[in-house]
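Subject: Handover of a structure, with notes

Dear colleague,

Please find the structure below, as a starting point for your own reading. My notes follow it.

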Amino acid sequence: MSDPIHETTAVDDVLADLARWVESGWLRALDLALARLLVTQCPQADAVLPLAVALLAHNEGRGHTCLPLDELLAPPSAFNDPWLAGPVAAQAELAATLQRLPARTVADWQAALLGSGAVDDARRAGPGDPQAAPLLLDGARLYLRRHHRDEVTVALALRRRVTSDGPLDTLLRPDPAWVRGWLDRLFGALPADRIDHQRIACATALRGRLTLITGGPGTGKTYTVARLLALLQADQQRQQALAPAARPLRIALAAPTGKAAARLQQSIRSALDGLRGPLQGQLDWDGLVDGTANAQTLHALLGARPGTRQFARHAQRPLEVDLLVVDEASMVHLEMMAALLRALPDGARLVLLGDQDQLASVEAGAVLGDLCADAVDVALPAADAAWLAACMGPSMPGVAANETANETEGERQASVLAPQTVQLRHSHRFAGAIGALARAVNAGALAEARACLGWPQQGARPDRVQRSPAVAALSGVDPALVVQVALAGRPADGVVDPADSQAAEAAEAAEAVSAAGAGYRQMLQVLAGQRPGPKTLSAVPAEAHPALLEAWAREVLRAFDRSRVLCAVREGDWGVEGLNRAVEAALRRDGLIARQGEWYEGRPVMVTRNDPSLGVYNGDIGIALRQPPGERARGGAVLEPAGSSHEPEPLRVWFLDGDQVRSVLASRLSAVETAWAMTVHKSQGSEFGHTVLVLPPRINPVLSRELVYTGITRARLAFTLIAPDAAVFDAALSRRTRRASGLRGRLLG
Ligand SMILES: Nc1ncnc2c1ncn2[C@@H]1O[C@H](COP(=O)(O)OP(=O)(O)OP(=O)(O)O)[C@@H](O)[C@H]1O
């Protein structure tokens, strides 16, 4: 390392390798640019620096928050792990580059990086140091400075919530018998031999300032939270009776996307409606209903400032809430979680809901997975266990809150969040074939998953294919490649949303099996057939026109949600781009859409960038509709006569939030893409009557068990898999997504 000529050559060699990897497409130009920049700024740096920087940036782009040097430098078999990404050939090249460098061990790399001038030691670095280097080394993990800061913020804030005495602990705790009485009222009396994790979640939340409720789709997370809200409201009223100065409970509901927030609000509202009758007179319902009337996106809750990473709410100007419920927490990335925790007052309760087995957030971090990773199936500390046992009554013998607890403390170091984490295990929605497939996929049980799909053995081409010409015609896919999984069917225990009456379900199911193509055709038929025409409009006063228009838009949007094509990848014929083109072509051929240019009536679009001034957020889905002739809408559904103008009415894009619709002029939406097909990533937080999952013909780094599981669990009634090669499905199931992060380690007790 002392020979400057050798060093320069080694750096150049590494840069040349990186440039080649950019050409071959597995490294981004951006990764190389960052490596070059730091080499220019630190001319004395060892050749380790550009390689580490490029790999760190590459990892960051794939959702990892750090570069773990120990894993990078482990023998090749270990770094074959998909987290280091890239095709096999790239991994071989990387191995060759690593071999060429004189630095071999983690200690060599640490010394080289810390001596480069571009990397600070996290254990010595001060937070606001103006001389700070752009990168931080924390033990064997290399970070971009901001990821390190966010990770430390999240870990410290969560630790504080579960370990220190906060304002909640000074409040008068309810008596366990009082809690038990309320749980019986909210959930019904419990058979003596049953452990009910939904009740455990409520008792856990009552005691602490942080509760994590995880579980697959339909396991009753929202059902539980509605009851938790009622329980906390009852507790607040109890406290107000004892200490009249105590103020009413201030509740906030939030989710990462507008769609998920609307779903949360709707589910909570209908669950509370169901409780109101039995509990009339025992709770301040108006207070509770008012407090839960408005679920927001996290961006809106925190006051996102367009074009910056700043929020209006932060530690110095915290949120004014006593209880914050965040749904779809698996989609919350590290930076957002850090911002949320900074803005949340110490005394407030935080309840995170999500499915830890789903895909992690698009941006860096796998926060929910990290928080829950060690938190399930561990024995509880005695005090927590005693509290739960007292609240649950005889149904909870001894101490095991997580009844499969099979390790004692000391055998495994568990997360400090373990006592505050509850996993719901019983799906109330998925009892049929879709549920069986989702469970098999989540467990990586290939034989079982293949059996659900009608593929008898590994390596064999499906021999029991149910052909679906509608999907095939729509997407230009060979019908032999389409496999449909049976309908979800009615849940075995008969639990069905009131809205899903049996007749509607049967009709919808029959429609669903005829595949997404039929679903889109049906949506376009609703669009054309239910449009309020001049005759309908002239028969009612002008003030009633907006409501008619809104009802039409609502029906079109609901019809669109009955089916959806989801893709694993974006590019190619089997990706979002190709399938969007194929669907458009098929619908145009059938005369169902009249595409002229980019915009056409019936075009479904997804917003790709937040625009608070228009009230649209990344992930929102809307449909372009034209007002009936002679009417013109401005600012939603406020109509004005079009006068004598014969210009076509402008297209407006309509969005559905729960039951509410709103619209924006299509010409004002600059960041949107067509959404006949969308990625599984973007579908998180939504569900569709019939989901068609399309896998690419070749194995791709994005394929994983979590991706397939997330795709399947978007289906409510029917699921169709289009897999050109069964081996791709097998490969996806064999790969678990792993995200490099230090968060899990920072939360160990
Ligand atoms: N203990 C229970 N008793 C009766 N019905 C229940 C129970 N728990 C949940 N359900 C019902 O099961 C269905 C699914 O519940 P819920 O929507 O709360 O699940 P979820 O986990 O929030 O689902 P998702 O992840 O899809 O949002 C709802 O119809 C709900 O009313």
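The notes below begin with the model as a whole and then turn to particular sites.

This is a predicted model, in which local features need pLDDT of at least 70 and side-chain atom pairs count only at pLDDT 80 or more, while totals for chains, interfaces and linings use all residues. Residues are numbered from 1 along each chain as its sequence is written.

Confidence and overall make-up

The average pLDDT of the chain (the predictor's confidence in each residue, from 0 to 100) is 79, and 79% of the residues score at least 70. For the complex, the predictor gives an ipTM of 0.98 and a pTM of 0.81. Two stretches call for caution. Over residues 397–410 pLDDT stays under 50, and the model has 23 contacts beyond four places in sequence for them; two residues are in contact if their C-beta atoms, placed from the backbone, lie within 7 Å. Residues 633–644 also stay under 50 in pLDDT, with 24 contacts beyond four places in sequence. Where pLDDT is low, the predicted coordinates should not be read in detail.

The chain has 30 helices and 22 strands, which are DSSP runs numbered from the N terminus (helices H or I, at least four residues; strands E, at least two). Of its 749 residues, 48% are buried, that is, with 20 or more other C-beta atoms within 10 Å of their own C-beta atom, placed from the backbone (exposed: 12 or fewer; partly exposed: in between). Among contacts between residues at least 6 apart in sequence, 76% join residues at least 24 apart.

Domains

The domain assignment, which is automatic or from a database, gives domain 1 (11–153), domain 2 (173–402 + 413–427) and domain 3 (433–493 + 503–542 + 554–592 + 677–734). Between domain 2 and domain 3, 13 residues of the former are in contact with 13 residues of the latter. The side of domain 2 that touches domain 3 comprises six nonpolar, four polar and three charged residues. Here Ala, Val, Leu, Ile, Met, Phe, Trp, Tyr, Cys and Pro count as nonpolar, Asp, Glu, Lys and Arg as charged, and the others, Gly among them, as polar.

The annotated site and the ligand

An unreviewed UniProt entry lists G215, G216, P217, G218, T219, G220, K221 and T222 under "binding site"; UniProt positions are in the numbering used here, feature names are shortened, and annotations may be inferred rather than shown by experiment. G216 lies in the loop between strand 5 (210–215) and helix 12 (221–242), and T219 is in that loop between strand 5 and helix 12 as well. G216 counts as buried because 23 other C-beta atoms lie within 10 Å. Leaving aside neighbours within four places in sequence, G216 contacts D355, D357, S427, A438 and T713. T219 is likewise buried, with 22 other C-beta atoms within 10 Å, and beyond four places in sequence T219 contacts L424, R425, H426, S427 and H428.

The ligand is surrounded by 14 residues, of which the closest are G220, K221, T222, Y223 and H428; a residue is near a molecule if its C-beta atom, placed from the backbone, lies within 6 Å of it. Helix 12 gives the largest share of this shell, three residues. By class, the shell has three nonpolar, eight polar and three charged residues.

With kind regards
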